[in-house]
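The sequence and structure are shown first.

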2 protein chains.
Amino acid sequence: MRDTYHEELDALTDRLVEMTRLVRSAISRATTALLDSDLGLAEGVISGDKAVDLAHDEVEASVLDLMARQQPVATDLRKIISALRMAGVLERMGDLAVHVARTARRRHPDSAIPPELRDMFLEMGQISERLVTKAGSVIASHDVPTALELESDDDALDKLQRQLFTKILSPNWPHGIEAAVDITLAQRYYERYGDHAVHLARNVVYLATGERP
Amino acid sequence: MRDTYHEELDALTDRLVEMTRLVRSAISRATTALLDSDLGLAEGVISGDKAVDLAHDEVEASVLDLMARQQPVATDLRKIISALRMAGVLERMGDLAVHVARTARRRHPDSAIPPELRDMFLEMGQISERLVTKAGSVIASHDVPTALELESDDDALDKLQRQLFTKILSPNWPHGIEAAVDITLAQRYYERYGDHAVHLARNVVYLATGERP
């Protein structure tokens with residue numbers, strides 16, 4: 001049987017995994033809101049971000065409490081500090097999903113994304129969901145090879161980003177500047193979201209090996 | 001006389017103030033690189049970001065070391081955790097200055113910013129510098145009223161952002177989509193930089209009062 005202290009450390013990990021689920025759901029719904037110009041869904045992502053912020057604050061409170069009561073050292077200390085950092089990253093991922101939802105809301109009832117680019121944004125959303133789901137797995141498993149995979153998984157988002165800019169900057173771009181601005185910002189939110197998922201995985205690698213990938 | 005422990009805590013604060021100076025200089029040089037299309041200056045900001053990353057890592061190492069050796073509680077613990085968070089925020093501010101510098105480098109020898117918008121970007125750069133300088137002061141002084149001022153100081157950046165979008169989205173915009181995309185991304189870097197300076201100040205308020213503004 002594990003003692004209370006280690007149960008509390010495990011609870012911290014569970015909480016982080018739960019946060020990956022919250023922010024995966026947020027980016028999924030935000031992407032649908034963006035593609036379908038679904039105002040209700042967008043509003044839900046925006047108001048639902050409170051749950052992510054709350055989870056972040058709870059991780060932070062647990063960390064402070066654990067430190068004051070248990071005065072962890074060495075590996076446990078690194079684990080706790082790392083949990084704090086990952087909770088911060090996850091909070092920012094929630095914020096990025098909110099930014100996508102706000103883009104959808106700002107253009108409603110129009111869609112911010114022209115029909116011929118929707119498959120690219122759908123793909124960015126799906127890659128983002130896979131990245132954060134994988135990050136959640138490795139937070140739970142501490143599986144270093146899988147954590148390292150995220151570095152190259154994220155390249156798919158960068159590739160889509162380049163394709164998107166080729167479309168926007170083509171002399172035949174028919175949708176004007178406002179659409180180009182919306183798309184530029186929206187793709188940046190997905191790019192940052194993917195980067196953050198990679199940061200989560202890097203934290204796991206650092207925790208498991210003591211080395212930064 | 002102060003004991004070694006409290007000297008180490010003070011050293012942590014000094015290090016954060018030093019980081020505000022590094023990232024102020026970075027955004028200042030990046031803005032000049034952007035406005036003057038100065039490639040050498042842009043490269044300097046990009047390579048110089050290593051110093052910011054190093055300072056971040058040193059704060060993190062000091063924090064882990066302090067925690068392991070001194071097992072701080074209550075106020076000191078909050079102070080140390082807060083230093084860790086602020087070092088993370090400052091590292092991201094350095095990254096944003098790098099993004100501005102990369103925008104300048106990507107368009108060199110052209111300028112990413114059309115002549116008639118340069119005064120607006122100069123102003124965004126100057127507001128950013130004032131915000132981070134003030135954040136540095138309040139990190140050192142723990143002056144809550146001044147820290148709270150940053151919340152409204154940052155509004156000036158939001159106002160400039162709106163003016164900029166009015167220009168870009170005007171039917172008479174003569175610079176095409178590529179310039180609009182560059183400007184959209186660049187203004188976002190300044191907006192985020194300003195937000196982060198506000199976050200630094202909020203950390204000071206939280207430390208001093210226990211309440212989040």
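The sections below treat the interface, a helix pair, charged pairs and local backbone features of this predicted model.

## Interface between chains A and B

The contact between the two chains involves 28 residues of chain A and 29 residues of chain B. Together the chains bury about 2600 Å², and carbon and sulfur atoms contribute 69% of that area. On the side of chain A, the residues that lose the most area to chain B are A:Leu64, A:Ile177 and A:Arg188. These three residues together account for 20% of what that side buries.

Polar interactions across the interface comprise three residue pairs in polar contact, counted with both residues at pLDDT 80 or more. The rule for salt bridges finds two between chain A and chain B. A salt bridge joins A:Arg85 to B:Glu60, with 2.8 Å between the closest N and O atoms.

## Elements on the chain A side

Four helices of chain A each give two or more residues to the side that touches chain B: H2 (39-70), H3 (74-107), H6 (155-168) and H7 (176-209). The largest share comes from H7(A), which provides 10 residues. Classified by residue type, this side of chain A has 16 nonpolar, five polar and seven charged residues.

## Packing of H5 and H7 in chain A

Two packed helices are described by the angle between their axes and the distance between the axes. For helix H5 (residues 144-153) of chain A and H7(A), the axes come within 8 Å and cross at roughly 145°. The crossing of H5(A) and H7(A) is left-handed.

From H5(A), the residues in contact are A:Val144, A:Ala147, A:Leu148, A:Leu150 and A:Glu151. Their partners in H7(A) are A:Ala197, A:Val198, A:Ala201, A:Arg202, A:Val204, A:Val205, A:Ala208 and A:Thr209. By class, the contact of H5(A) with H7(A) has 10 nonpolar, one polar and two charged residues.

## Salt bridges

Over all chains, the count comes to 30 salt bridges. Within chain A, A:Arg69 forms a salt bridge with A:Glu8, and the closest N and O atoms are 2.7 Å apart. Because A:Arg69 lies in helix H2 and A:Glu8 in helix H1 (residues 4-36) of chain A, the pair ties together parts that are 61 residues apart in sequence. Side chains of opposite charge can pair when their charged atoms come close.

## Backbone features

In chain A, the peptide bond from A:His108 to A:Pro109 is cis, with omega near 5°. A:Pro109 is found in the loop between H3 and helix H4 (118-141) of chain A. In chain B, the peptide bond from B:His108 to B:Pro109 is cis, with omega near 0°. The loop that holds B:Pro109 runs between helix H3 (74-107) and helix H4 (118-141) of chain B.

A further backbone feature concerns A:Ala74, which has a positive phi of about 50° although it is not a glycine. A:Ala74 lies in helix H3 of chain A.

## Surroundings of Val144 in chain B

B:Val144 belongs to helix H5 (residues 144-153) of chain B. Leaving aside residues up to four places away in sequence, B:Val144 touches B:Val205, B:Ala208 and B:Thr209. The separation between B:Val144 and B:Leu160 is 16 residues in sequence and 26 Å in space, C-alpha to C-alpha.

How values were computed. Residues numbered from 1 in each chain as written. Chains lettered and ligands numbered in written order. Predicted model: local features only at pLDDT ≥ 70, side-chain atom pairs only at ≥ 80, totals over all residues. Heavy atoms only, no water. Contact = heavy atoms within 4.5 Å. Buried area = accessible area lost by both parts, 1.4 Å probe. Salt bridge = Lys/Arg side-chain N within 4 Å of Asp/Glu carboxyl O. Polar contact = N/O pair within 3.5 Å; in protein donor to acceptor, adjacent residues only side chain to side chain. Nonpolar A, V, L, I, M, F, W, Y, C, P; charged D, E, K, R; others polar. Axes fitted to C-alpha atoms, helices over the stretch in contact; angles between N-to-C directions. Left-handed = near helix turned anticlockwise from the far one by under 90°.
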